[in-house]
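Hi,

Here is the structure I promised to pass on.

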Amino acid sequence: MTDMRFVDLHCDTLACEVYRSCGTKNLRDNDCHLDLTRLKKGGSLLQCFALYIPTPAHDAFTKEEIGPWEYFEKTAACYEAELAKNTDLIAPVLCYADIEKNRAAGKMSAMLTVEDGVPLEGRLERVDEMFKKGVRLITITWNHENSLGFPNKTAPEKGLKPFGIEALARMNELGIIADSSHLSDAGFWDLVKYSKKPFVASHSNAKALCGIYRNLTDEMLRALAEKGGVTGLNFSADFLVDDANYTHVDDLVRHARHIADVAGVETVALGSDFDGIGCELEFKDCAGMPMIEEGLNRVFTAREVDLITHGNALRVMRDNFPD
C-alpha cells in the first residue's frame, strides 16, 4: 500500500459527477479523474470534496427547479451517503484530531467544502447550519455575484459585501476555512484585511507564469503567506501555460517553484480541481499523484516536498479547525 501523504484542497467529483449522474456513478469506482479506489492507490491522506452550487439563473448545470440552499442540502446528503457506503476506505473530518484518527486506522479522510457561498443568501445562521453538516471550507464566490461578494471573472474591483465580512467573521469563529479562489481581486484583499485566521486559494496558480484571471499575482502570494495561508496548485493546463490543453508535471513544478521563491515553500499546496477540468493530464488521474511528487523531488528537498504534498495544508487546517 502506498503511504498516505497527499492532501488535495479541491475536487468536483462528488457534486459534478456522482450527484449529477442520478445513481449511475458512485464514489468508490468510476470513470472520472477521481474515485476512492484510485485515491487509495495514489497515496491520498485527505481529499476535499467540493459541493459546487449551480444557480438556474446563471448555469445550464441543472434542470432541477430548486434554490441554492436546497441544492446544497441534496448534494450534502449525497456526500453523506457515499461516505456511509465506503467506511472501509474513508471517514469524514470534523476536527483536526479526526485526520490523525483516520490515518491511524488506515483510512483516508474526507473534508466537505462548498464552492460558491450562494446558498447562504444573506442568512448568517446558514453558516452555522453548514458547519453542523460538516462543511469546513467555503469558496466565497464562484463566477457570479452572491450575497458575500463578487467574482474575479466579471468584477475584480469590487470587494466583499457587508454580509461577506459578517459571514467571514462567523466562519473564523466556527472553524470554516475561507477560500479566495474565484473571488474578486478586491475581495482577496478584503480577506487579507478582515480574516483572523489563515485562508486559502484552494485551486489557483501563479499569474506571473500564466495570465489567466484566476491566478494570483506575486503581491497576492506574499500577502497570502503573511496570513499563514496556502494556494493549491490547480492541475488545469490553461492555469499553468496560456491557452494550453495538456498538463505536464514539469509545468506544475514550475509554478510550485515560482510560488516558493516569491512567498516561501510554506505557501504551496495541492488543489487539483479533478473533475472540474477538461484537459488531458500527463499523470492521468488521482492515482498518478506520485508522478507529481517525483517532479517536485527534482527541485525541492524531501522536507519541502512533504510540506507541499500535505504539511502546509494540514497546518492551515490545524490553525482553523475547532479542537
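This is a predicted model: local features need pLDDT of at least 70, side-chain atom pairs count only at pLDDT 80 or more; totals for chains, interfaces and linings use all residues.

Residues are numbered from 1 along each chain as its sequence is written, and side-chain values use heavy atoms, with hydrogens and water left out.

Back to α3. Its buried residues include W69, Y71, F72 and Y79 (buried means under 20% relative accessible area, exposed over 50%, partly exposed in between, with a 1.4 Å probe and protein chains only). Among the elements covering those buried residues are α1 (13-18), β2 (44-52) and β4 (108-115), where contact means heavy atoms within 4.5 Å.

F72 turns up again in the largest nonpolar core, as one of the residues with the most contacts inside it, along with F49, F235, F274 and M317. That core has 102 residues (a nonpolar core is a set of buried Ala, Val, Leu, Ile, Met, Phe, Trp, Tyr and Cys residues joined through side-chain atoms within 4.5 Å). Helix α9 gives the most to this core, with eight residues. In soluble globular proteins, nonpolar side chains tend to be buried together. If you click on F49, leaving aside neighbours within four places in sequence, you'll find contacts that include C11, L39, Y79, I90 and M111.

T231 sits in strand β8 (residues 230-233) and has a relative accessible area of 0%. Beyond four places in sequence, T231 touches A201, L216, I259 and V268, among others. F163 is in helix α6 (residues 162-174) and is buried at 11% relative accessibility. Not counting residues up to four places away, F163 touches L120, G122, R123, L124, S147 and L148. Y213 lies 50 residues from F163 in sequence, and their C-alpha atoms are 25 Å apart.

Now the charged pairs. How many salt bridges are there? The count comes to 18, taking a salt bridge as a side-chain nitrogen of Lys or Arg within 4 Å of a carboxyl oxygen of Asp or Glu. D285 pairs with R38, with the closest N and O atoms 3.0 Å apart. D285 lies in the loop between β11 (280-281) and α10 (289-297) and R38 in helix α2 (residues 36-42), so this bridge ties together parts that are 247 residues apart in sequence. D285 is buried at 16%, and R38 is buried at 16% too.

Helix α9 (residues 249-263) has R254 and D251 three residues apart, about one helical turn, and they form a salt bridge at 3.6 Å. R254 is partly exposed at 34%, while D251 is buried at 16%. D261 and R257 also meet in a salt bridge, at 3.0 Å from N to O; they are four residues apart in α9. D261 is exposed at 55%, and R257 is partly exposed at 26%. Finally, E17, K25 and D31 are linked in a network of salt bridges.

Cheers

Note on methods: Helices (H or I, at least four residues) and strands (E, at least two) are DSSP runs, numbered from the N terminus.
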